[in-house]
Amino acid sequence: MLDARAVARVDPGGMRDIIASLPDQISAAAIWAEGKARAPIAEAQRVFLIGMGGSAIAGDVFAAWVADRCKVPIQVVRDYRLPSYARPEDLLVAVSYSGNTEETLGATAEGIKLGCRVIAITSGGRLGDLARGGGWPVFEVPAGLPPRGAFGHLFGILSTIGSGWTYGDLRGDVEQAVAHLNELRTRLRPESGVRLNRAKALALRLKTTVPILYAAPPFTAVARRWQTQLNENAKVLAFSSTFPEADHNELVGWVEDPRARSYRPIILRDADEPPELKRQLDITTSLMSKRTKVEEVHDDGPSLLSRMLGTLYLGDYVSLYLAALRGVDPLPLKPIETLKAKLAAARRKS
Ligand code: F6R
């Protein structure tokens, strides 16, 4: 059911190749951005990464990865507005693959009014026009991909232009992570059989459940990516939440609601969890296991970034195989297209 030919049959648009290209995207974008302008912190009190959906998630993963070594807070904004504490000296990075997402354009317009320095990462659209018109640096990503399929380009650019926002060098970590992803690809791609392919095995176990992703920082960004890839590629309901907070509320539902067995908690774990977190997650897993099967996911990469991106890569492949099992084309997103068309029509009328 999940052999390479069966996967190809439901995937005429080539999502499998887009997913496979993650390591190539990251290294190509990082090398390309290296020769371009930097984005110095200068007087900024904060860096705001503005974006939605598949464009915002690269910012989440980047900000989570460097959280313990950034010089100023790096905050992802998913809204029409900037927070009230944004200041004219702050640095604003507008990330929109299409360049036409209205929330991103709205918050960016606010930043321009405030006098912030703005950088755009986009394949074009209105954001590209605005940036060129305003003379701000534009980092162009190749056109023709679904935004969520450009994660590697967006992340590669951020990790290069953002190297001045952190203490220490990021490049070595990125190269090591790319090598790790290249190794993983051999085991996760459609040609690899279900016995060796963790993504296929997990997709089979998820087929009849609602996946609920859990992770503690810095893996919460990766849990969100799993959720959104399952939503968009496999076209299923999936949700994500955060530990340790969920242990102070959601845990009750997992233990006491008989419906828990039709949902499947997937907990993203890490070998470097601090001991108090490890203890808490071990206890949580055993409590949850009384009502439902719990999936725990680990990656054995040699660095934090390798493990974050390795875990993310597994989730991307799980979403592809779940789409194949459900017989749905992973590429098109009719509901989001309908929403955007209706928003554009409403904008024209108002
Ligand atoms: C589509 C996708 C969406 C978009 C979102 C914002 O593949 O993942 O979540 O990313 O609708 O659009 P962009 O990224 O063009 O700003």
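How many cavities of 30 Å³ or more does a search of the whole structure find?

1. The search finds 2 cavities of 30 Å³ or more, a cavity being a set of points on a 1 Å grid over the protein atoms alone where a 1.4 Å probe fits but cannot get out. Grid points are joined across faces, edges and corners, and a volume is the space filled by probe spheres set on the points. This is a predicted model, in which local features need pLDDT of at least 70 and side-chain atom pairs count only at pLDDT 80 or more, while totals for chains, interfaces and linings use all residues. Residues are numbered from 1 along each chain as its sequence is written, and side-chain values use heavy atoms, with hydrogens and water left out.

2. The largest cavity has a volume of about 60 Å³, and among the 13 residues that line it, the closest to its centre are Ile18, Arg148, Gly149, Arg225 and Asp316 (lining residues have an atom within 4 Å of a point). The largest share of this lining, 3 residues, comes from α2, where helices are DSSP runs (H or I, at least four residues) numbered from the N terminus.

3. The second largest cavity, with a volume of about 30 Å³, is lined by Gly53, Gly54, Ile57, Arg148, Arg225, Thr228, Gln229 and Glu232. The most comes from α10, with 4 residues. Because domain 1 (34-168) and domain 2 (193-326) both give residues to the lining, this second largest cavity lies between them; the domain bounds come from an automatic or database domain assignment.

Key: 1 Å grid on protein atoms, 1.4 Å probe; cavity = no way out; pocket = protein on both sides within 12 Å on 5 of 7 lines; lining within 4 Å. Helix = DSSP H or I, 4+ residues; strand = E, 2+ residues; numbered from the N terminus.
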